[in-house]
Amino acid sequence: MDLCLYTDSVPELSLEGALDLAVRIGCRSIEIAGGGQSSAPHLRLAELLGNRDRLRAFRDAFTSRGLRIAALNCSAWPLHPVLGPAHEAIIRDTIRLAGELGVDTVVSMSGTPGDGPSASTVDWVFYPWPPDAVALQARQWDAAIPFWHDIAAHAEAHGVKHIAFELHPLHLVFNVPTLLRMREAVGPVIGANLDPSHLFWQQMDPLAVIAALGPAIRHVHLKDTGLQADRLALNGVLDTTPFGSAEERAWVFRTVGRVHDGTWWASFIAALRAVGYDGALSIENEDPYQPAIAGVEEAAALIGPLIPA
């Protein structure tokens, strides 16, 4: 295992600045944001694809600092009735670039379709009622599986071995059963990007998830979540309070260690080791109460000593 920095954690920094920060906090690898939901993509797909000189300079920026590229990230909205085609193109281009760079893992999200030809946004079914919602979910899976079959073939053609889905609500793949369903339908190219922060607020147990997914885990994000008891009592976890109003929310993302202590994170790493995971532990920081760089530094200081030599 090695400590990794997801560049979207520090959107105010240039790519070079993010790489310098990664070295300073003890990272040996990098996960680079390339578009989709990224707030500040550090991966200029159009500038790099097929351009040998720029690809060489891009690689040199990493190798000269002793860093490797653990994954390219294109966490997008494939299947979205409006954004879908543009985000599909981002995913395909990210896979192409991963092949040119020799990177074998691309992090993404499964997507969710709308409710029909006139839809303007996704329609995520989270409750098994009414019957027409259940029927809609079945149609959504009927659309998603062929889509990801096609993307998987594209990945194979470009030497990408793993498409790691973040288990994220609002997407069809958001928990253990849905990840395993997609993996069974499409093949072992589909894996999980395990981000415990989205499991915490759903009241899932990340350690149980690790045991259940085992070798399907292909990438890991490090992010914590805090439940704010007074708001949780009134709002519940299905809270639509805007993220910008953090103090009013039932739950918020926090810097690693701010909620779950070092003992818990040591057990998280041990659980990953027990199922054979030896890849990147990628810091993703979205703490609304702390400056981004300070949060990344704090997370690295906690996790770094816990990683086996």
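Phe-126, Tyr-127, Trp-129 and Leu-238 together make up a nonpolar surface patch with about 550 Å² of accessible area. A patch here joins residues with over 30% relative accessible area and no salt bridge, linking nonpolar side chains (Val, Leu, Ile, Met, Phe, Trp, Tyr) within 5 Å and like charges within 9 Å, and accessible areas come from the Shrake-Rupley method with a 1.4 Å probe, where for residues only the protein chains shown count as cover. This is a predicted model, in which local features need pLDDT of at least 70 and side-chain atom pairs count only at pLDDT 80 or more, while totals for chains, interfaces and linings use all residues. Residues are numbered from 1 along each chain as its sequence is written, and side-chain values use heavy atoms, with hydrogens and water left out.

**Surface patch and the cis peptide bond**

- Leu-238, one of the patch residues, sits in the loop between α9 (229-235) and β9 (251-254), where helices (H or I, at least four residues) and strands (E, at least two) are DSSP runs numbered from the N terminus.
- With a relative accessible area of 57%, Leu-238 is exposed, on a scale where buried means under 20%, exposed over 50% and partly exposed in between (1.4 Å probe, protein chains only).
- Trp-129, also in the patch, is joined to Pro-130 by a cis peptide bond with omega near 0 degrees, and Pro-130 lies in the loop between β4 (105-108) and α5 (131-157).

**Helix packing**

- The axes of α8 (residues 206-213) and α10 (residues 262-274) come within 9 Å and cross at roughly 5 degrees, which makes the helix α8 roughly parallel to α10.
- Axes are lines fitted to C-alpha atoms, for helices over the stretch in contact, with angles running from 0 to 180 degrees between N-to-C directions; angles under 35 degrees count as roughly parallel, over 145 as roughly antiparallel, 65 to 115 as roughly perpendicular and the rest as oblique.
- On the α8 side, Pro-206, Leu-207 and Ile-210 meet Trp-264, Ser-267, Phe-268, Ala-271 and Leu-272 of α10, with contact taken as heavy atoms within 4.5 Å.

**Salt bridges**

- The structure holds 13 salt bridges, each defined as a side-chain nitrogen of Lys or Arg within 4 Å of a carboxyl oxygen of Asp or Glu.
- Among them, Glu-88 pairs with Arg-92 at 3.0 Å, N to O, and both residues lie in helix α4 (residues 84-101), four residues apart, about one turn of the helix.
- Lys-223 pairs with Glu-284 at 3.4 Å, N to O; Lys-223 lies in the loop between β7 (217-222) and β8 (224-227) and Glu-284 in the loop between β10 (280-283) and α11 (292-303), so this pair ties together parts that are 61 residues apart in sequence.
- Lys-223 is buried at 1% relative accessible area, and Glu-284 also counts as buried, at 8%.
- Glu-286 forms a salt bridge with Lys-223 as well (3.1 Å, N to O), linking distant parts of the chain, 63 residues apart.
- Salt bridges that share partners join Asp-195, Lys-223, Glu-284 and Glu-286 into one network, in which Glu-286 is partly exposed at 39% relative accessible area.

**Positive phi values**

- Most residues other than glycine have a negative phi, and most peptide bonds are trans.
- Leu-170, in the loop between β5 (162-166) and α6 (176-186), has a positive phi near 85 degrees and is partly exposed at 39% relative accessible area.
- Gln-203, in the loop between α7 (196-201) and α8, has a positive phi near 70 degrees and counts as exposed at 55% relative accessibility.
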